Amino acid sequence: MTTHLPQFNRALLHPRYWLTWLGIGLLYLVVLLPYPVIYRLGCGMGRLAMRVMKRRARIAHRNLELCFPEMSEAERQKLVEKNFQSVGMGLMETGMAWFWPNWRVERWFDVSGVEPVKALLAQKQGILLIGVHFLTLELGARIFGMHTPGIGVYRPNDNLLLDWLQTWGRLRSNKTMLDRKDLKGMIKALKSGEIIWYAPDHDYGPRNSVFVPLFAVEQAATTSGTWMLAKMSKACIVPFVPRRKPGGKGYELIALEPECQPPLGDAEETAAWMNKVVEKCILMAPDQYMWLHRRFKTRPQGVPSRY
């Protein structure tokens with residue numbers, strides 16, 4: 001398949017999108033405020049969201065229960081509360097990623113670990129950039145692209161206006177975008193020495209998944225895409241963590257050490273290794289991970305739901 005990126009057209013001005021335009025306008029105005037004010041607003045919005053999004057709060061709690069059974073109930077509840085503050089900030093950070101000028105993004109970020117990435121790119125070595133689903137991810141992708149522009153992998157949005165807007169925002173600091181189903185396009189880009197951003201940490205359903213451990217969960221459905229991409233492209237794998245500093249002090253983006261010889265014996269071996277990398281990333285900022293996703297919804301045939 002070939003990825004066709006959304007373009008702005010007059011149909012996006014139709015009245016059906018006016019409410020979306022209003023929300024976009026409000027978000028644009030809010031992120032013009034000083035960052036400490038944005039931080040307080042985002043955290044406050046997240047605390048409110050926890051009261052409204054009760055089903056998602058239960059999912060986050062259940063995920064933590066499954067992953068960290070040794071954690072006390074009080075610790076788990078505190079982590080869910082902090083996580084929902086991050087949910088509110090995630091909305092703000094999406095607006096910051098799309099609308100802030102480069103100088104303002106740079107001002108609030110400390111960046112480390114990108115020099116080895118630049119050295120690999122200079123050698124025309126393809127890089128599979130592993131970005132797990134932190135709530136800061138949109139902003140993290142913006143700052144990473146400002147230092148080393150790459151190619152994003154995305155799922156088209158059902159709302160055509162948001163589909164265009166997220167593509168426009170992400171292309172402010174990156175080269176292009178590929179549909180997550182465009183495997184040939186990803187392999188071609190990696191073989192030509194590009195960076196491909198890739199998220200292997202969600203439950204994408206039973207198709208092209210294998211069951212391997214993640215934290216305390218023995219059978220977590222995990223994509224086999226990492227194995228296919230790395231095996232066919234010979235890409236180096238570089239995980240990165242965009243982490244919000246406590247107390248509204250800004251952010252740090254940390255690129256971890258490149259792995260140019262990952263275990264590629266079969267899909268299970270690669271997925272199990274990849275989940276260990278994902279665990280390491282999550283533990284660097286556990287309150288900022290997207291726990292409200294039903295990560296363990298896919299089960300082996302005949303096995304009851306975890307939710």
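Modeller: Buried means under 20% relative accessible area, exposed over 50%, and partly exposed in between (1.4 Å probe, protein chains only). The model is predicted, so local features need pLDDT of at least 70 and side-chain atom pairs count only at pLDDT 80 or more, while totals for chains, interfaces and linings use all residues. Residues are numbered from 1 along each chain as its sequence is written, and side-chain values use heavy atoms, with hydrogens and water left out.

Colleague: Is Lys297 buried, partly exposed or exposed?

Modeller: Lys297 lies in the segment after α11 (267-283); helices (H or I, at least four residues) and strands (E, at least two) are DSSP runs, numbered from the N terminus. Because its relative accessibility is 36%, Lys297 counts as partly exposed.

Colleague: And Leu22, buried or exposed?

Modeller: Leu22 belongs to helix α1 (residues 18-30). Its relative accessible area is 52%, so Leu22 is exposed.

Colleague: Which cysteines does the disulfide join?

Modeller: A disulfide is a pair of cysteine sulfur atoms within 2.5 Å. By this rule the count is 1. With S to S at 2.0 Å, the joined residues are Cys236 and Cys260.

Colleague: What is the angle about the S-S bond, and how many residues apart are the two cysteines?

Modeller: The link of Cys236 and Cys260 is right-handed, at 105° about the S-S bond. The pair links distant parts of the chain: Cys236 is in strand β8 (residues 236-244), Cys260 is in the loop between β9 (251-255) and α11, and their separation is 24 residues.

Colleague: How far is the sulfur of Cys67 from the nearest cysteine sulfur?

Modeller: Cys67 is in no disulfide. The nearest cysteine sulfur is that of Cys281, at a distance of 14 Å.

Colleague: What is the relative accessible area of Cys281?

Modeller: Cys67 is buried, with a relative accessible area of 4%. Cys281 is in no disulfide either, and the cysteine sulfur nearest to it is that of Cys67. Cys281 is also buried, and its relative accessible area is 0%.
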